[in-house]
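Please keep the sequence and the three-dimensional view side by side while going through the points.

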Amino acid sequence: MPLSASRPVKRIAVLGAGIMGSATALFLARRGHAVSLIDAAARPMSAASRWNEGKIHLGYLYSADPSLRTARHVLTGSLQFAPLTEELIGCPVAPATTATDDVYLCHRASVVAADAMAHYYRQVDDLVRSHADAARYLVDVRGARSERLDERALRAITDSPDIAAGFQVPERSVSTGWIADRFVEALAAEPAIELQMGTGVTAVRPQQADDPAGRWRVETADGVAGVYDHVVNALWQGRLPIDVTAGLAAPQTWSNRYRLSLFVRTNRTVDAPSVLIATGPFGDIKNYNGRDFYLSWYPRGLMVDSSGIAPPPAPAQDTAREAAISREILERLTAILPCVERIASDAESMVLRGGWVSAAGRGVLSDPRSTLHRRDEFGIVRLGSYVSVDTGKYASAPLLAHRIAQSLG
Ligand SMILES: Cc1cc2nc3c(=O)[nH]c(=O)nc-3n(C[C@H](O)[C@H](O)[C@H](O)COP(=O)(O)OP(=O)(O)OC[C@H]3O[C@@H](n4cnc5c(N)ncnc54)[C@H](O)[C@@H]3O)c2cc1C
């Protein structure tokens, strides 16, 4: 939307150049504002937003929250993901979208039993089908219907005694590396965005105590930047300590988990389904296009599990340790999903990469009472002209960014 004569140009600092900050910066710049996008990394979109699985959640993952609060909370953003992302990057997301519906396998140690899972999935089907935006998902889900796999279909995927049941659910994912590359191009093409990369943010403070305009300065390792009319804090795992410097109260406990997964490219097409083993500390495989795959085994990829508001640094690279983790992820997945052996044997490249999962909640995934099984509270908090955004899910970022841009004028 072009800037109208009545809307003043504002100077806005957006902190964090993941999908949350990048999408916010693009929407604000296109509304005519002057945006500084500040990040400690050398390049935008190089953290969790590049190295995640890209599931555009309809709510099926959250069967341990039978209240459906999480499903409702994630659904609206996910149904807007494709149209808003396409507006931001200027091209369709279809080339990055998985070609088939996901399969969810119920592990015998799941925190939700198979029949309860089936009941929950039917309720999510109803939620999805009745949503006004159901046609706007990555594929049209107005007819959303999960289906329990019969024995033959299940055994074509797994003969593991650890698996109690399987379900096909109408959920899709996007290749986050592909999307990240498009965001980097869109940021570079936007003259109203000044990229300040390699710049760690240490604090945000009012420019002076009695400034009637409520403007801000941003303190970085290199000095002080600003004055800004607004600051948008989209620093993900780095967000809460900066909120405290701006004057927002931080929660007492938080969960920051650093997770590594395998990103594999094969030298020929491999016929493999996208499968998630639910619900608890298990793993999944994602087949984006027959040659690009995401493989994870949660307990082996979990490198840091921290409950403070400021997590320790991400673990340094260690080639020998990463080789051992990669081997074990492949072994654990292959024991349940034999198709993983073909993905590994046809691999032309395989990298172990990761990012933070930053969430309200505590506990461990093997505990059904853990609040990590819920994602029903993330979103936008404001302190005057200062905005702090908990992305919650990759899938929700474009809608949250759109809301922030609209609210800032
Ligand atoms: C393994 C894994 C799988 C996941 N799977 C899914 C999924 O399938 N679907 C889904 O919806 N979500 C998923 N997620 C969650 C998703 O990745 C995140 O919700 C999303 O990417 C967060 O985006 P962001 O822009 O807030 O954070 P990021 O992309 O991490 O960006 C934050 C930026 O802030 C910068 N930063 C932090 N602190 C500072 C500081 N003090 N100063 C300067 N810069 C700083 C970082 O350098 C980084 O660039 C997954 C996450 C992981 C790790």
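This is a predicted model: local features need pLDDT of at least 70, side-chain atom pairs count only at pLDDT 80 or more; totals for chains, interfaces and linings use all residues.

1. In total, 34 residues surround the ligand, and the closest of them are Gly-18, Ser-49, Lys-55, Trp-236 and Gly-238. Two or more residues of this shell come from each of helix H1 (19-30), strand E11 (255-266) and strand E16 (347-359), and among the elements strand E16 gives the most, with four residues. Sorted by class, the shell around the ligand holds 16 nonpolar residues, 13 polar residues and five charged residues.

2. The division of the protein deserves attention next, and the residue ranges show that each of the two domains is made of separate stretches of chain: domain 1 is written as 11-48 + 180-251 + 375-407, and domain 2 as 99-171 + 254-361. The centres of domain 1 and domain 2, taken over C-alpha atoms, are separated by 30 Å. Where the two meet, ten residues of domain 1 are in contact with ten residues of domain 2, and the side of domain 1 that touches domain 2 is made up of seven nonpolar residues, one polar residue and two charged residues.

3. A sheet of six strands can be traced in the order E6-E2-E1-E10-E18-E17, and this sheet is open, with mixed pairing. At its edges are strand E6 (193-196) and strand E17 (380-383), each of which pairs on one side only. On average, neighbouring strands of this sheet are turned by 15 degrees against each other when direction is ignored.

4. The antiparallel kind can be followed in an open sheet of three strands, whose order is E7-E8-E9. Strand E7 (201-206) and strand E9 are the edge strands here, each pairing on one side only, and neighbouring strands of this sheet are turned by 20 degrees against each other on average, again with direction ignored.

5. The pairings inside that sheet can be checked residue by residue. Strands E7 and E8 pair in the antiparallel sense over five bridges, and Ala-203 has Glu-219 in E8 as its bridge partner. Strand E8 (residues 216-220) and strand E9 (residues 223-228) also run antiparallel, with four bridges between them, and a hairpin of two residues joins E8 to E9.

6. Is His-73 buried or exposed? His-73, which lies in helix H2 (residues 69-89), counts as buried because 22 C-beta neighbours are found inside 10 Å, and the limit for that class is 20 or more. Leaving aside its neighbours within four places in sequence, His-73 is in contact with Arg-375 and Asp-376. Gly-59 is 14 residues away from His-73 along the chain, and the C-alpha atoms of these two residues are separated by 8.4 Å.

7. Trp-178, in helix H5 (residues 176-188), is partly exposed, with 18 other C-beta atoms within 10 Å. Trp-178 and Asp-271 are 93 residues apart in sequence, and their C-alpha atoms are 21 Å apart in space. Ala-116, placed in helix H3 (residues 114-129), likewise counts as partly exposed, because it has 16 C-beta neighbours inside 10 Å. Between Ala-116 and Asp-305 there are 29 Å in space, C-alpha to C-alpha, and the two are 189 residues apart in sequence.

Technical notes:
Residues are numbered from 1 along each chain as its sequence is written. Two strands pair if DSSP finds at least two bridges between them. Axes are lines fitted to C-alpha atoms, for helices over the stretch in contact, and angles run from 0 to 180 degrees between N-to-C directions. A residue is near a molecule or strand if its C-beta atom, placed from the backbone, lies within 6 Å of it. Ala, Val, Leu, Ile, Met, Phe, Trp, Tyr, Cys and Pro count as nonpolar, Asp, Glu, Lys and Arg as charged, and the others, Gly among them, as polar. Domain bounds come from an automatic or database domain assignment. Two residues are in contact if their C-beta atoms, placed from the backbone, lie within 7 Å. A residue is buried if 20 or more other C-beta atoms lie within 10 Å of its own, exposed if 12 or fewer, and partly exposed in between; C-beta atoms are placed from the backbone.
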